[in-house]
Amino acid sequence: MKRLTASNEDIAAFSEMSRKVSFFSQMTVGLLEKIFAFVMLFEYKKGDRICKQGGPGDSFYLVYSGRLVVNVKKGFFSSDKKVAELGPGDFFGEMALLDRTPRTATVECAEDARVFVLLAEHFNEVARGNPEFTAYMKSLAAGRKFELKQQE
Ligand code: CMP
């Protein structure tokens, strides 16, 4: 994992990806500028683990490039089961932050990837100032929770 310096082009891509999601289009320019100031860009290699099931929810992520897999392990002796794939424009890591619970799944890189990262404190600050953002994230998390339940 390596932190990259986000160029203007990267920030423009972040803005473009975010705009596709309705809550961002409702955000004020001020709030968007605040997010730009917070956002970090990381590069991961194929096989890297970005977050681990049961681990702490310390960050929120937006996939910039590459393909990631979401794996769940049901019991100590069971093996990982793939529940989803994520690609450019997909968000993850919202569940542990919203529910203040451990990570529900492990997210790993199926190929080299670049990922925008918001620390939990900044995610919470954005959520506090933007009810549409929170509502969208909650509905995304609810759908994923349902999918995870189906796997049980
Ligand atoms: P979190 O529990 O914080 O960390 C693991 C993340 O994997 C989780 O948030 C979701 O963002 C993501 N995730 C869990 N289940 C699914 C699913 N069924 N489909 C897509 N992403 C998921």
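Me: Which helix is M137 found in?

Reply: M137 sits in helix 6. Keep in mind that this is a predicted model.

Me: Why does M137 count as buried?

Reply: Buried means under 20% relative accessible area. M137 comes in at 0%, so M137 counts as buried.

Me: And what is the C-alpha separation between M137 and M95?

Reply: It's 8.3 Å, for two residues that are 42 apart along the chain.

Me: What is phi of R100 near?

Reply: Phi of R100 is near 50°, which is a positive value in a residue other than glycine.

Me: What makes a set of residues a nonpolar core, and how many residues has the largest one here?

Reply: The members have to be buried residues of the nonpolar kinds, Met and Phe among them, joined through side-chain atoms within 4.5 Å. The largest such core has 22 residues, and F60, F116 and M137 have the most contacts inside it. Two or more residues each come from helix 1 (8–19), helix 3 (29–38), strand 4 (59–65), strand 9 (113–119), helix 5 (120–129) and helix 6 (131–150). Helix 5 gives the most, with four residues. There's another core apart from this one, made of 21 residues, including M40, L68, A105 and V107.

Me: Which residues does F60 touch, leaving out those up to four places away in sequence?

Reply: F60 touches F91, F92, G93, E94, L97, F116, V117, L118, F123 and M137. To count as a contact, heavy atoms must be within 4.5 Å.

Me: What share of the contacts with a separation of 6 or more comes from residues 24 or more positions apart?

Reply: That share is 78%. As for burial, 45% of the 152 residues are buried.

Me: How far apart are the mean positions of the positive and negative charges?

Reply: They are 4 Å apart, for 22 positive and 20 negative charges.

Notes. Residues numbered from 1 in each chain as written. Predicted model: local features only at pLDDT ≥ 70, side-chain atom pairs only at ≥ 80, totals over all residues. Heavy atoms only, no water. Buried < 20%, exposed > 50% of the residue type's maximum accessible area, 1.4 Å probe, protein only. Lys, Arg positive; Asp, Glu negative; His and termini not counted. Charge placed at Lys NZ, Arg CZ, Asp CG, Glu CD.
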